[in-house]
Amino acid sequence: MRIGIDLLEIARFAQIAAHPGGRRMVFSATELARADGLTGPRREEYLAGRFCAKEATAKALGRGLGQGLGWREIEVLADAHGAPEVRLSGGARTVAEQAGIDRIDLSLSHQGGLVVCVAFALGGGGPGAAAQGGAGGAGRPGGRPAVLTPRNGPMDLSLFFFADTATDGDRYQLLLESARFADTHGFRAVWTPERHFHRLGGQFPNPSLTSAALAAVTERVGIRAGSVVAPLHHPIRIAEEWSAVDNLSGGRVGVSFASGWHVRDFVLQPENFQDRKNIMVETARTVQRLWRGEEVEFDGAEGERRAVRLFPRPVQPELPIWITAAGSPQTFRIAGRLGAGVLTHQLGQEHDALERNIATYREALAEEGHDPASGHVVLMLHTMLGEDRERIRELVREPLTDFLRSSMDLQSSGPAAPGADGFSVDRIPTRDRDFLLTRSFDRLFSDVGLFGTVDDGADVVRRLSAMGVDEIACLIDFGVDQQEVLKSLHHLDALRARVAGPGGAAGH
């Protein structure tokens with residue numbers, strides 16, 4: 001048996017209850033229909049109780065909300081006698097199946113402006129028991145067994161941006177229009193990066209700024225940084241900016257922290273370059289403490305220590321975090337030890353290396369007392385789908401080769417640091433780079449991208465799911481004509497519907 005406990009101040013929860021987008025992001029239509037029959041404080045108390053029950057259930061499942069499961073995937077309804085009843089779908093159902101959990105009982109109480117919930121996650125059949133329909137049995141006092149609703153597949157899809165700023169026209173039109181599409185079609189999230197001083201990604205110097213813009217034009221989709229380069233910033237500024245975006249979005253943000261790698265970026269904080277990985281870890285921990293409302297001490301102007309708290313207070317009680325890993329096993333291990341998710345790619349990471357790194361990540365989770373199934377692996381893939389694979393190949397060949405050329409230029413202008421598999425582009429003579437680009441395009445299109453038809457995409461999803469990937473972050477802005485990209489989103493949505501199933505990719 002696993003137990004999850006959550007305590008919530010009803011007045012604080014009023015921020016979400018008063019925000020239409022926040023309500024739709026957290027609660028299902030059935031939950032909201034029940035709340036709409038209530039008025040005044042009773043309505044806030046009812047919604048706060050359901051939110052508290054979702055948090056307690058997520059803790060009992062061993063995974064934070066926003067990391068592989070969403071609020072709407074944990075429905076808290078009522079049985080014929082009015083007792084709370086949990087229904088799981090999407091990522092929440094998958095986590096329960098993997099952990100052998102076949103029922104969740106709740107004890108929910110309201111007292112003096114507070115609501116407290118205790119969730120009991122029970123199972124007797126080992127992994128897969130939930131999938132065999134083990135939702136029966138009598139509930140504990142104050143609760144009923146969880147009902148696990150079917151899911152078509154295990155993979156979430158999100159959108160990822162890392163544009164080449166040589167693109168003509170409105171630089172942010174594709175971002176905003178694609179985000180609106182993702183918001184209304186059940187994609188998990190939209191990721192934007194932090195990049196400096198180069199045409200590759202240079203239109204995204206601060207993901208909190210782009211995320212604030214996304215918050216204004218969306219209502220449900222998760223809004224994430226992929227990534228914040230932690231050693232370039234003071235942790236207070238990171239926490240303040242993302243708390244503001246959390247409020248603007250009704251509680252939909254998540255942040256992947258990166259250590260940074262290009263020496264030129266560190267003109268912003270040159271003293272942090274050598275110890276950047278340790279600084280990333282400490283920054284992530286400090287931001288989490290500030291986010292939870294803790295008073296944290298920092299050096300003052302005259303050498304004294306001064307304690308500060310975060311304002312504005314965020315909507316989410318916990319900030320969902322990931323660690324960005326280019327392929328180093330050490331970074332995957334760091335993510336596991338932090339209990340964070342991991343955001344990675346395959347530009348320098350072969351399939352067997354990725355699979356080993358995911359295993360390393362989940363082993364590190366277990367070593368620190370986390371359930372390995374609670375981890376969340378996001379893989380960024382260049383993406384374009386359509387009706388004909390060969391047409392897609394020709395459509396992406398030139399822009400994708402240009403993207404790879406810009407990436408090669410970026411790597412060559414940095415320090416000579418071998419990649420995940422021992423490769424360093426600065427060692428290659430200029431005369432050989434065209435050949436390398438051709439080979440890189442062929443590999444990216446055929447082996448480590450999401451290209452072709454919906455059927456081709458389904459094959460990729462099956463392979464990556466077997467390797468332990470939880471979410472594919474689809475990089476779509478690598479130079480293809482914007483109208484072609486927008487048309488291709490309908491094919492990507494068809495893939496999403498096929499692999500995610502009902503509720504499997506909606507919300508944060």
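User: Which ring does the charged end of Arg496 sit over, and how far is that end from the ring's centre?

Analyst: The charged end of Arg496 sits over the ring of Phe187, 6.0 Å from its centre. A charge sits over a ring if NZ of Lys or CZ of Arg is within 6 Å of the ring centre and within 35 degrees of the ring normal. Arg276 is placed over a ring as well: its charged end is 4.2 Å from the centre of Phe273's ring. Keep in mind that this is a predicted model, where local features need pLDDT of at least 70, side-chain atom pairs count only at pLDDT 80 or more, and totals for chains, interfaces and linings use all residues. Residues are numbered from 1 along each chain as its sequence is written, and side-chain values use heavy atoms, with hydrogens and water left out.

User: How do I read a pair of aromatic rings, and how many pairs are there?

Analyst: Such a pair is described by the distance of the centres and the angle of the planes. Here there are eight aromatic pairs (centres within 6.5 Å for rings of Phe, Tyr and Trp, the last by its six-membered ring; planes under 30 degrees apart are stacked, over 60 edge-to-face, the rest tilted). Trp191 and Trp322 have ring centres 5.2 Å apart and planes at 70 degrees, so they are edge-to-face. Because Trp191 belongs to strand 8 (residues 189-192) and Trp322 to strand 13 (residues 321-325), this pair ties together parts that are 131 residues apart in sequence. Helices (H or I, at least four residues) and strands (E, at least two) are DSSP runs, numbered from the N terminus. Elsewhere, ring pairs link Phe441, Phe445, Phe451 and Phe478 into a cluster.

User: Are Trp191 and Trp322 buried or exposed?

Analyst: Trp191 counts as buried at 0% relative accessibility, and Trp322 is buried at 0% too. Buried means under 20% relative accessible area, exposed over 50%, partly exposed in between (1.4 Å probe, protein chains only). Across the protein, buried residues make up 56% of the 508 residues. Helix 5 (residues 90-98) is mostly covered, with eight of its nine residues buried; among them are Arg93 and Glu97.

User: Which way do the residues of strand 8 point?

Analyst: In a regular strand the side chains alternate between the two faces of the sheet. Ala189 and Trp191 point one way from strand 8, Val190 and Thr192 the other, and all are buried. Strand 8 pairs in the parallel sense with strand 7 (residues 156-160) over two bridges, where Leu159 stands opposite Val190. Pairing here requires that DSSP finds at least two bridges between the strands. Four bridges join strand 8 to strand 9 (residues 222-229), again running parallel, and Ala189 stands opposite Gly222.

User: And how do helix 7 and helix 8 cross, by what angle and distance?

Analyst: Two packed helices are described by the angle between their axes and the distance between the axes. The axes of helix 7 (residues 207-217) and helix 8 (residues 235-249) come within 9 Å and cross at roughly 10 degrees. Axes are lines fitted to C-alpha atoms, for helices over the stretch in contact, with angles from 0 to 180 degrees between N-to-C directions. Helix 7 and helix 8 are therefore roughly parallel to each other (under 35 degrees; over 145 is roughly antiparallel, 65 to 115 roughly perpendicular, the rest oblique). Their contact (heavy atoms within 4.5 Å) includes Ser211 and Ala215 of helix 7 and Trp242 and Val245 of helix 8.
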